[in-house]
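Here are my notes on the pockets and the surface of this model. Please read them alongside the coordinates.

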Amino acid sequence: MDPHREALQRIVSNLANKNGEIHNFIDMLNHTIKNVQVNSSNAISELDEEFDGLYSLLDEMKGSMASTIQQEEARKVQALQDQLSQCSNALESSEELLELAAQSLDIKDPVEFLKAARQIKERVTMASAFRISLKPTVSDSMTHLMVDFTLERRILQAVNFLPVPKAPEIDLAACLVADNCITVSWRMPENDGRIDHFVLEYRKTNFGLPRVKDEQPWELIDYIKATEYTLSGLKFDTKYVNLRVQACNKAVAGEYSDPVTLETKAFVFSLDSTSSHLNLKVEDTYVEWDPTGGKGQEKVKGKENKSGSGGPSPKRTPVNTRSSVRGSRDRFTGESYTVLGDSAVESGQHYWEVRAQKDCKSYSVGVTYRNLGKFDQLGKTNSSWCIHINNWLQTTISAKHNNKTKTLDITVPDRIGVYCDFDGGQLTFYNANSKELLYTFRTKFTQPLLPGFMIWCGGLTVSTGLQVPSAVKTLQKGENVLSGSTGSLNNTA
């Protein structure tokens with residue numbers, strides 16, 4: 001093809017693309033103009049509503065204050081009218097007495113005159129004209145009900161559109177991570193009485209600093225009225241939690257605060273299905289006794305060995321398939337029905353919980369070094385520690401370590417909490433519901449610890465990513481202690 005034609009075609013294609021972009025931009029501008037008009041109309045409607053509400057409030061206040069003035073006027077007028085009536089009655093009585101006294105002055109008979117004078121004197125003594133106050137009971141002033149709206153007028157003159165709230169500041173020192181909860185506290189950089197509510201967003205992460213890529217979406221808590229909020233019922237399945245806060249007034253939301261990162265210090269692990277006993281069925285954090293897991297395979301192998309045939313057995317195919325799937329599951333065998341966690345404790349304080357099915361006949365919960373032998377059982381070596389529950393003829397619970405056992409006189413809980421303080425050399429078991437102490441091992445851990453579980457008949461569910469409960473952090477004094485050097489314990493059969 002002619003190079004000039006190719007160049008011209010590229011120009012035509014570019015022009016067509018540009019024309020399409022311009023058409024789209026024109027459509028966007030027209031849509032934006034319509035939105036501006038609609039939003040402006042809505043803003044004016046909201047402005048009318050706000051002013052109408054203000055007018056209504058002012059009218060209501062004016063009516064109430066006018067009513068107060070009218071009531072004061074009526075009270076004063078009534079008091080003055082009562083005083084006026086009393087004065088009128090006193091004046092009428094005084095005038096009658098004055099006329100009688102004047103007439104008495106014309107009496108010539110001394111006896112009659114003395115009698116009349118005595119009567120007039122008695123009446124004057126009792127006359128109301130000499131007992132009433134000639135001072136008004138109330139004043140005519142109404143200045144105590146005057147108003148001065150100078151300050152309010154200035155406030156109204158300063159009324160303007162709502163400003164965008166400033167970003168809150170998260171107070172890291174007041175934030176707390178405990179008991180599977182996160183308490184977040186924040187403050188505004190300056191006082192703003194028009195803040196209506198706050199929005200809190202959080203997301204779990206395994207990165208110490210906030211990142212743009214490979215992050216989970218933010219989860220939102222809206223309409224928070226206070227400057228503190230507690231996120232409860234969380235599962236800490238990540239190492240950190242990012243948090244940020246946004247302030248909102250009735251019109252607009254402000255910028256988010258700088259995100260902060262809180263460490264959950266959670267110990268998260270799954271059950272290692274690739275190295276568990278063949279008689280255990282393992283799925284993530286659940287393990288179940290599977291009586292057919294090893295026996296079925298052993299029976300098939302026995303038949304194959306007895307056949308002595310060089311050709312493949314018809315029953316060999318599922319065995320080979322099963323072996324390929326479970327080829328690595330030779331970590332534990334015999335009566336060591338064990339499964340370990342896939343993560344080790346190497347430092348710090350950690351907590352997890354275990355719930356047993358009601359039909360569990362026998363199970364153990366504890367920790368072990370990595371050197372646990374394939375035939376070893378938890379608590380029967382000097383490198384493993386556990387609580388063992390036996391639900392056969394009678395239910396018993398015991399602490400086990402280094403092939404020594406101690407029976408505990410306590411009720412078996414349906415959930416067991418495991419608290420491991422690696423640096424402090426402490427392994428404590430609790431009733432996960434009541435946080436009642438079950439047992440404490442004290443030793444010096446010299447190697448990383450793997451969570452360990454043994455089960456025979458039934459199933460166990462493990463809950464990880466849990467915070468150390470507050471009730472567990474403060475350990476009780478006078479705990480029972482089982483150590484490898486305790487000689488008074490019975491050897492375990």
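1. Eleven nonpolar, six charged and one polar residue make up the lining of the largest pocket. Please keep in mind that the model is predicted.

2. The volume of the largest pocket comes to about 1000 Å³. Its lining counts 18 residues, and those closest to the centre are L47, E50, N160, F161 and L162.

3. Which helix gives the most to the lining of the largest pocket? Helix 1 does, with eight residues. Helix 1 spans 3–104, and both this helix and helix 3 (150–157) supply at least two residues of that lining.

4. The second largest pocket holds about 470 Å³ of space. Around it are 20 lining residues, with T264, K265, A266, Q349 and H350 nearest its centre. By class, the lining of the second largest pocket consists of eight nonpolar, seven polar and five charged residues.

5. On the surface there is a nonpolar patch formed by L47, F51, Y55, L57, L58, M61, M65, V147 and F149. Together these residues have about 790 Å² of accessible area. L47 belongs to this patch and is also among the residues closest to the centre of the largest pocket.

6. L58, one of the patch residues, is found in helix 1. Why does L58 count as partly exposed? Its relative accessible area is 40%, and the partly exposed class lies between under 20% for buried and over 50% for exposed.

Notes:
Residues numbered from 1 in each chain as written. Predicted model: local features only at pLDDT ≥ 70, side-chain atom pairs only at ≥ 80, totals over all residues. Heavy atoms only, no water. 1 Å grid on protein atoms, 1.4 Å probe; cavity = no way out; pocket = protein on both sides within 12 Å on 5 of 7 lines; lining within 4 Å. Points joined across faces, edges and corners; volume = space filled by probe spheres on them. Helix = DSSP H or I, 4+ residues; strand = E, 2+ residues; numbered from the N terminus. Nonpolar A, V, L, I, M, F, W, Y, C, P; charged D, E, K, R; others polar. Patch = residues over 30% accessible without salt bridge, like charges linked within 9 Å, V, L, I, M, F, W, Y side chains within 5 Å. Areas by Shrake-Rupley, 256 points an atom, 1.4 Å probe, with all protein chains shown as cover. Salt bridge = Lys/Arg side-chain N within 4 Å of Asp/Glu carboxyl O. Buried < 20%, exposed > 50% of the residue type's maximum accessible area, 1.4 Å probe, protein only.
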